[in-house]
Structures are given as structure tokens and as C-alpha cells.
Amino acid sequence: MQLSDKAKELVINKYGKDHEKRLKHVFGVAKMAEYLADKYGVDKEKALTAAYMHDFAKYDDPTEAIGILDEKDIEECEKYPFLYHAYLSAEAYLKYVGTDMDVYNAIRYHVFGRPHMSLLEAIIMIADYTEENREYDTCIECRKILLDGEFNKAIYKSLIYTIENCKRNNELPHPQQLLVMEEYKKKSENKSLEELIIDNLGRVKASNIIVYDAKERSPFYDKIVIASVDSVRQCSAVIRYLIDDLAIHNYKIRSVEGKDTAWVLVDCFDIIVSIFQKEERDHYDIDKVYMDYPKKLIEE
Ligand SMILES: [Fe+2]
Ligand SMILES: [Fe+2]
């Protein structure tokens, strides 16, 4: 049995009789999450599992949180009670379904996300807001933006509306909610492929980033970006960020070569990105190859 089937069965058993509307919502989230996972290249099985479990503790008694959540979480939930169900649902996932931390975090942070969340987390968050049974005008608007392919803008807009809603109810928005809104505001700006690549290299503090202009030299690509990192881990992180970020901006990656080695090459069609472990860049003397190409050094 797949874990998503297990999660589905659990939620049907829990909500099937008394909370039909909630069950319908959960199924709506699963449908949207599956669609988005497929569109943006995220594991569908994980997306479905997180979607089925995301509201699992919706009607649980918050006093049950003692002994399940740690003190810090409880303190936070007391201030922002809508977080109880998300945090408890994530714990229920660990207890009854599986151990994947990306799925766990997608459930835990589904209410308004968190800064630098993974693509799976973002998918569950926005699927929750825009699933087909949501009838508020703001949800319908975000659903339309999302289905038009503007993933980041849909998240940004959904956060504007949930923050406005907090204010209307005289509730204080969570500080993280504001940070996520700012992050997605920036992400929703239309950026060029080059800007996205530089941004993501910057996220992992890659150094000595040089953009070589190859338009006049190669019929296959426009630019070559070369950057240095300190570790394989840093390199894996930037590749993960690039794969996610380019997918949601509708750019494609043709291939990633040399994963987990000292020289990783990411072919983004118009731009080729070479990421080196610092020593290896000197060893290959790669910059010498492009010595007479027009170049731009990116300030760190
Ligand atoms: Fe929820
Ligand atoms: Fe929900």
C-alpha cells in the first residue's frame, strides 16, 4: 500500500461521517496538489500524502498538544491558535504514516508557509488556499492566477489576503507570514533566466560568480555562468533551488551533469552554469578558456 493511500484511508475514517465538508476540502487539496506536483516536477506521492494529512488534527482538542508538541511550539500556538492543527497534523503524519521530513514540513507549515520553504511545502500551502471547493472571491482569484501558471504570484496574493483577513479580525499576522509575503513578492516579479540563476547562487553564498557572454561564440547558448562553492553540500543545495525555482518560472533544465562531484554542469538551454569546488576551478583553469569572452563579475 502506498503511503498516500494509507493517509487517504486515515482521513476518510476520521472525517467520513461527521465532517463531510472537511473531507471534501481535503480531497480538493489533494487534487490541486497532485496537479501542481505534476506540473512542477515534484513527487506526486509525497504531495498526495501531505495533502491528505494536512488538516488531520483540525478538530482535535488543543490541550492534547501537551506532550506532543514541545514547549516552544505550544507557546507559539497559544499566540496563534490556528497553528495548532497544522503542527498536530504533522505529528500525526509521523506517528501514523511516514517519516519524510519534506512531507512533514509541508503539513506543518501549510497555513502560511515559511521563509525559503521547499516547492512541496509551497504546493501544499497554495493548494489549500485555492482548491476547487473554496468559494471566497480571493481564493477564486488566486486559483485563476495559479492555473494561469503564475505560481509565485498566486502565493504572494494569497498571503496579502490572509494578512488582510487577520487585520480585519483584529488578529496580529504572524511575523513569518510577513516574511513569506515579502519573499514571494520578490519571486513573483518577472525575472530573466540569468537573474534567477544569479539569485539562487547568491542564496547559497556562491562566490566569484562570472557571467560570460557567449552569444557571438556559440550557436547553442547565450551565456556561461561560472561560480565557486565551498562544499558538495552547498552545490547540491543550489541545484535543488535551481530546479525548483526555474520550474515555477517556466524555464527548463536540459541536464545536470557531475552531481556530487567537484564540477557540476547545469544546462539551462540558453545558459550553461558551471559550479566548481573552489580548488577545482583553479585546477581546471576554466576561466582561461573564456578569457576573451565579454564578461561580468557579480558583486557578492
Ligand atoms: Fe489547515
Ligand atoms: Fe485545509
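**Close-up views of a predicted model**

View 1. The protein chain has 14 helices and six strands (DSSP runs, with helices being H or I of at least four residues and strands E of at least two, numbered from the N terminus). This is a predicted model, where local features need pLDDT of at least 70, side-chain atom pairs count only at pLDDT 80 or more, and totals for chains, interfaces and linings use all residues. Residues are numbered from 1 along each chain as its sequence is written, while chains are lettered from A and ligands numbered from 1 in the order in which they are written. Along its principal axes, the C-alpha trace spans about 70 × 35 × 35 Å.

View 2. Six residues of domain 1 are in contact with four of domain 2 (C-beta atoms, placed from the backbone, within 7 Å).

**View 3. Helices H9 and H10 packed together.** H9 covers residues 151–168 and H10 covers residues 175–187; they pack at about 145 degrees, with axes 8 Å apart (axes are lines fitted to C-alpha atoms over the stretch in contact, and angles run from 0 to 180 degrees between N-to-C directions). Among the residues making this contact are Ile155, Tyr156 and Leu159 of H9, along with Val180, Met181 and Tyr184 of H10.

Note on methods:
Contact = placed C-beta atoms within 7 Å.
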